[in-house]
Amino acid sequence: MSTGSAKMRAPVEVAAPARGPVLVRSAQGEDCERICALVNEHARNGLTLPRTIENVRACIGEFVVGERGGEIVSCGALNVISPSLGEIRSIACDPRAAGTGAGRAVVSFLIDLARAVELDELVLLTRIPGFFARFGFLEIRAEQAPRVFLDEAIAGRGRTISGRTIMYLPLLREV
Ligand SMILES: CC(C)(COP(=O)(O)OP(=O)(O)OC[C@H]1O[C@@H](n2cnc3c(N)ncnc32)[C@H](O)[C@@H]1OP(=O)(O)O)[C@@H](O)C(=O)NCCC(=O)NCCS
């Protein structure tokens, strides 16, 4: 098992129809401001939780970015909560690139990354369950959610579930 760092995978090009491919790569220090802007753009209407630049800098190892034509168009993070459990966070796409596969590319990358670091399951909190259902995430009730997620990742960090759907994805391994 590795850490929560997203740096252990090489960039992967994911086909994004309409406006060309999106290259997903691990985020670097110089991406912090752009990530912060993307996440906070959607925090205004409550779709993402706001992040300070200091927080993004502190968590940069968890982030990946999607680039099209050299410009960052989307981002997302994989937070490793325990050796088996990860949380997908801060998925955000440039509104100008909405509907062109930039969000899909980042989520697909993070799911592959979670498998690569041998996590068994992923969770997330969202106001748009329909988007994540496309990747196989299932809606669950709080009492079905992993205890460590509720206690440490939510309550322990002063976050609330209120108004959001908890989703769960088991990462089945080939034997
Ligand atoms: C959600 C978000 C990342 C999607 O990014 P995107 O690049 O616009 O989406 P994509 O083009 O990759 O769409 C992939 C698929 O999801 C669908 N989809 C996109 N947004 C959706 C939504 N809000 N609800 C349900 N389905 C959605 C698309 O129609 C597409 O379907 P297809 O595979 O049948 O073509 C983007 O709209 C965004 O930044 N939203 C605000 C922030 C947010 O809500 N983040 C989630 C926090 S948990």
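Reply: First, the sorting rule: Ala, Val, Leu, Ile, Met, Phe, Trp, Tyr, Cys and Pro count as nonpolar, Asp, Glu, Lys and Arg as charged, and the others, Gly among them, as polar. Keep in mind that this is a predicted model, where local features need pLDDT of at least 70 and side-chain atom pairs count only at pLDDT 80 or more, while totals for chains, interfaces and linings use all residues. Numbering starts from 1 along each chain as its sequence is written.

On that rule, the ligand shell splits into nine nonpolar, eight polar and two charged residues. That's 19 residues around the ligand, with Leu-47, Cys-93, Gly-103, Arg-104 and Gly-130 the closest; a residue belongs there if its C-beta atom, placed from the backbone, lies within 6 Å of the molecule. At least two shell residues come from each of β5 (85-93), α3 (102-116), β6 (121-126) and α4 (129-133). Those labels are DSSP runs numbered from the N terminus: helices are H or I with at least four residues, strands are E with at least two.

Let's stay with α3. "Buried" here means 20 or more other C-beta atoms within 10 Å of a residue's own, with C-beta atoms placed from the backbone; 12 or fewer is exposed, and in between is partly exposed. Ala-102, also in α3, counts as buried because 26 other C-beta atoms lie within 10 Å. In sequence Ala-102 is 78 residues from Val-24, yet their C-alpha atoms are 9.1 Å apart. Just after α3, Glu-118 has a positive phi of about 65 degrees.

Next comes β6, another shell contributor. This strand pairs antiparallel with β8 (residues 165-170) over six bridges, where pairing takes at least two DSSP bridges between strands. Glu-121 faces Pro-170 of β8. β8 also runs antiparallel to β7 (residues 138-140), joined by three bridges, and Ile-140 has Ile-166 as its bridge partner. In a regular strand, side chains alternate between the two faces of the sheet.

Zooming out, the protein has five helices and eight strands, and 37% of its 175 residues are buried. The C-alpha trace spans about 45 × 40 × 30 Å along its principal axes.
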